[in-house]
Amino acid sequence: MELSMDLAERVLDIALSKGAKHAIVRLEESYYETIVFDNKLLRTYTITSSKGLGIKVLLDGVPGYSYTHDLSMEAIERAIDRALAIARVRKSRKIYSSVSANPAKGSYTFTSREDLAQVDPETKVSLVKEANAAAMNLEGIVSSVTRLGYEKRRKIVVSSFGARAESEVHLVGVSQLSVARHGATAERVHDSRSWVGGFEHLKSFDFNSFAKDISELAAKAARARTPSPGTYQAIIDTHLVGLLIHEAFGHASEGDLVASGASVLAGKIGSSVASELVTVVDQGVVEGGYPVPFDDEGNVKGRTVVVERGVLKSFLTSSLVAPELGMGVSGNARAQDVGHDTLVRQTNYFIEGGDWKLDEMLRDMKNGLYLVGRGALGGQVDTSVGTFTFSIGPSYIVRNGELAELIRGVSVSGSILETLANVDAVGNDRVIRTSVFGGCGKGDQMVRVGDGGPHVRVRKIVVGGA
Amino acid sequence: MDPVRIAELVIKYARDRGVDEVEAYVAWSDGCTVSITRSGLESIVSGYDIAVGVRVVKGKRISIAGAHISAEEDVRRIVEKAISTLRACPVDEKWVSLAREVGYSQVADIVDSSIAESPTDVAVEISSKLFELPRSLDPKAQLVEGLVGCGHGGKVIASSYTSKPLEMKKTGIEAWFAVRVSTDRGEGTVSDFVAATKLSDVNVDKLVARNVEWARQCAGASPIETGSYDIVLAPKVFGSILNVLISPAVSALNVQRGRSPLRDKLGQQVLSDKLTIVDDGSAPGLVGTAPFDDEGVPTSRKTVFSKGVLSTYLYDSYTAYAEGKKPTGNAVRSGVASPPAPGVTNMLVIPGSGTIDDLVKDVKRGILVINVIGEWLSNFVSGFLNFTVSAGLLIENGRVSKPVTGVVVSGNIYELLKDKLVALGSDVENLGNVYAPSALISGASVAGK
């Protein structure tokens with residue numbers, strides 16, 4: 001069955017006629033194409049696709065969610081019945097007293113000019129093959145894994161709160177993993193680039209140089225040492241700052257965690273939680289990020305200022321959690337796919353730019369570390385304890401205001417309530433990035449996000465090493 | 001839709017199109033997921049999933065396509081999609097064939113009928129218990145977050161080498177939760193995870209009681225001075241570290257492609273003689289147990305490290321045939337359309353003796369590590385371990401003293417698990433399919449204040 005606004009409306013009517021007080025219908029269709037070369041051999045050329053429907057109902061303040069990939073009317077009715085049966089489970093259930101909404105209407109497209117799915121498979125295969133070989137044919141490189149990824153995702157959300165929204169997003173990207181050996185030691189470095197769109201971005205991109213650069217960095221890193229463990233002053237580059245803000249603050253500002261007491265930011269609205277140089281924003285559509293014009297409850301995702309000049313202004317919310325927190329709905333209810341109910345998630349989360357130039361920051365700091373995002377693998381936070389961590393790529397010691405020797409990528413850690421308060425310089429060079437190969441994990445779900453910011457300097461961060 | 005019929009259709013359509021070899025991998029699941037907060041059971045999700053992955057081979061060219069099945073006619077489309085990219089795939093000279101050693105091993109105890117019959121009831125029951133128990137144990141304790149998944153699922157594999165499709169079914173239950181206790185020193189929060197195939201293997205009361213106690217001890221945690229410390233790893237922390245650093249290093253794919261530090265180390269003493277690690281996909285009733293792997297090869301038991309000596313790598317058919325060997329029943333797919341790769345089935349660490357408290361008694365200055373974050377950011381290629389302690393307790397002269405958080409522990413895993421491994425406990429717990437006891441390691445590098 002074709003996924004259409006008509007089908008979604010029909011399903012909504014059935015759910016309401018079966019007794020749901022309110023209902024949200026989600027239709028989703030996705031396509032993912034990936035080509036991977038591993039040490040000059042094709043590891044896989046895979047195309048996957050999926051179509052499905054999700055239905056959330058509310059009965060006297062209790063939600064129930066079910067889904068189906070089988071799109072026969074019979075299977076759809078079964079999913080509605082399952083959702084209603086769940087909403088009737090009352091044992092230990094949380095009851096929502098009210099729901100708020102800011103329903104989206106209309107169609108939003110962020111599609112490719114040249115659909116990669118229509119490009120001749122041989123052209124795509126040879127692009128990846130060549131880049132893989134370019135990265136492998138370097139002294140000291142023992143392994144090279146090169147990927148191309150392309151995703152098309154179409155969504156329709158219709159709700160009894162008035163949402164009638166449709167979107168289509170195309171995302172293309174490349175990645176490279178290089179392993180270098182130097183004597184008995186080995187090091188790996190990974191990096192990726194992604195763009196909203198399709199083949200047009202690859203035509204103007206030097207894939208071979210991108211892959212080769214990673215190999216060169218891996219070869220250098222294999223000869224580098226790890227830093228001495230301890231607490232350092234550090235400048236965080238525009239690539240790594242996305243991980244910092246996402247882990248060090250983003251998750252803790254998610255309204256569901258705040259409402260359930262699982263965030264150290266609960267009760268801190270109006271308080272100073274960061275240096276006054278810091279303004280933090282979550283924005284649905286922004287250059288460089290992953291476009292989220294509306295969320296999976298069908299609410300508009302606009303611009304949410306979370307921290308303004310150091311003061312905590314608002315949390316990210318869904319329609320269910322907003323009234324509980326006494327806030328407006330910010331449109332941050334997102335799900336990995338129709339197989340999952342929504343959680344409160346970040347969209348594109350970033351620190352706004354400031355006044356500093358990087359060379360001024362370096363000169364002013366004199367000694368410390370310059371922490372680099374290229375090669376970083378990700379991060380994690382325990383929002384209720386208030387501790388976060390993320391990895392860094394090969395980075396630099398800073399001595400007398402200048403970049404000195406390279407150090408290997410390690411892990412760093414800090415405290416949510418201290419790290420942003422310790423920011424003492426914010427650059428004027430904001431960058432936002434997204435990735436077709438990953439995203440952000442929470443519960444058992446992964447969603448695409450964007451994150452970023454300018455160069456940022458912190459007075460204290462814990463750096464692992466041996 | 002019947003998973004066996006889908007598999008048979010794939011084979012028929014692909015044969016009609018004249019491929020050399022074909023394989024259908026069908027996975028289905030029917031279950032329920034419940035999320036819990038301090039206000040009660042919040043979201044309950046129940047649904048049925050079925051997806052297929054198709055691998056086709058022609059002239060040593062291999063391609064894959066996969067999809068959720070929305071209607072029977074999707075099956076033909078998926079086969080066509082896989083065939084459409086074949087021509088573009090370069091010839092892989094290392095290709096021998098799809099797995100030929102297909103069949104079943106004898107396995108027991110992987111289906112719990114109470115879970116299979118009513119996954120939602122079981123999930124709601126466990127969730128309610130997790131929600132109510134902390135408060136009943138201590139009025140200052142509460143559940144902060146929880147996620148309970150429960151259900152049954154199965155896989156069907158058919159290929160050019162199966163006379164009829166291989167079929168298996170299994171039940172499972174997983175629960176993750178965090179509890180908090182308020183004290184006059186501040187709040188303490190710890191989290192824990194349980195996974196099993198059967199309800200009788202889940203002891204929620206015992207688990208919650210232990211975590212309430214740990215949360216109380218962890219209240220008001222802070223970083224400690226940078227330095228060298230002995231570390232006592234709780235069983236699941238140790239299991240997670242092995243999973244991140246050792247599992248990928250024994251994968252024959254990573255060995256053959258130059259990414260494993262254990263390349264050329266067969267027969268060598270690479271870990272402490274206190275460490276014997278077995279991979280056993282046929283062990284009764286465990287989380288990773290199945291009669292066949294993700295290519296249809298029967299699962300088996302093999303010792304991977306015998307008293308610290310590396311005795312074998314783990315193989316799927318592709319990596320085994322490349323060395324003229326037989327696959328070890330270790331093919332794992334990360335999704336229906338992912339190519340198989342060698343991985344662990346159940347990783348079993350043979351325990352030592354004594355409790356975690358006995359290990360603590362032997363430590364002069366160290367950390368009892370209860371919860372970590374970011375251990376998965378460790379680097380198996382270099383063997384470099386790093387994790388951040390989110391909940392831990394400082395140990396001074398054989399006794400736990402104050403709570404610790406926000407310190408980064410680092411080191412080379414092949415030093416930490418060789419000469420620096422002091423002892424293993426007898427208290428095996430599982431983190432998913434990794435079964436490990438607690439461990440005491442001396443002289444780890446800790447970055448703190």
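In this predicted model, chain A is assigned two domains, domain 1 (5-222) and domain 2 (230-463), with bounds that come from an automatic or database domain assignment. Their centres, taken over C-alpha atoms, lie 22 Å apart. Domain 1 of chain A brings 59 residues to the contact and domain 2 of chain A brings 40 residues, contact being defined as heavy atoms within 4.5 Å. About 4,100 Å² is buried between these two domains, 59% of it from carbon and sulfur atoms; buried area here is the accessible area (1.4 Å probe) that two parts lose on being put together, summed over both. Arg26(A), Ser100(A) and Asn102(A) stand out, as they supply 14% of the area that domain 1 of chain A buries against domain 2 of chain A, more than any other three residues.

Six salt bridges are counted between domain 1 and domain 2 of chain A, each a side-chain nitrogen of Lys or Arg within 4 Å of a carboxyl oxygen of Asp or Glu. Lys94(A) and Glu324(A) form a salt bridge whose closest N and O atoms are 3.1 Å apart.

Polar contacts link 20 residue pairs between domain 1 and domain 2 of chain B (both at pLDDT 80 or more).

Turning to the interface between the chains, 82 residues of chain B and 80 residues of chain A take part in the contact. The area buried between chain B and chain A is about 6,400 Å², to which carbon and sulfur atoms give 54%. Of the area that chain B buries against chain A, Glu42(B), Arg257(B) and Leu377(B) supply 9%, more than any other three residues. Six salt bridges cross between the chains. Asp38(A) forms a salt bridge with Arg259(B), where the closest N and O atoms are 2.9 Å apart. Polar contact joins 46 residue pairs across the interface of chain B and chain A, both at pLDDT 80 or more.

Strand 2 (residues 40-58) of chain B gives the most to the side of chain B that touches chain A, with 10 residues; strands (E, at least two residues) are DSSP runs numbered from the N terminus. Strand 2 of chain B also pairs in the parallel sense, over four bridges, with strand 3 (residues 62-68) of chain A, pairing being called if DSSP finds at least two bridges between two strands. Within this pairing, Val45(B) is the bridge partner of Tyr65(A).

Residues are numbered from 1 along each chain as its sequence is written, and chains are lettered from A and ligands numbered from 1 in the order in which they are written. Local features need pLDDT of at least 70 and side-chain atom pairs count only at pLDDT 80 or more, while totals for chains, interfaces and linings use all residues; side-chain values use heavy atoms, with hydrogens and water left out.

Note on methods. A polar contact is a pair of N or O atoms within 3.5 Å; within protein, one must be able to donate a hydrogen and the other to accept it, and residues adjacent in sequence count only if both atoms are side-chain atoms.
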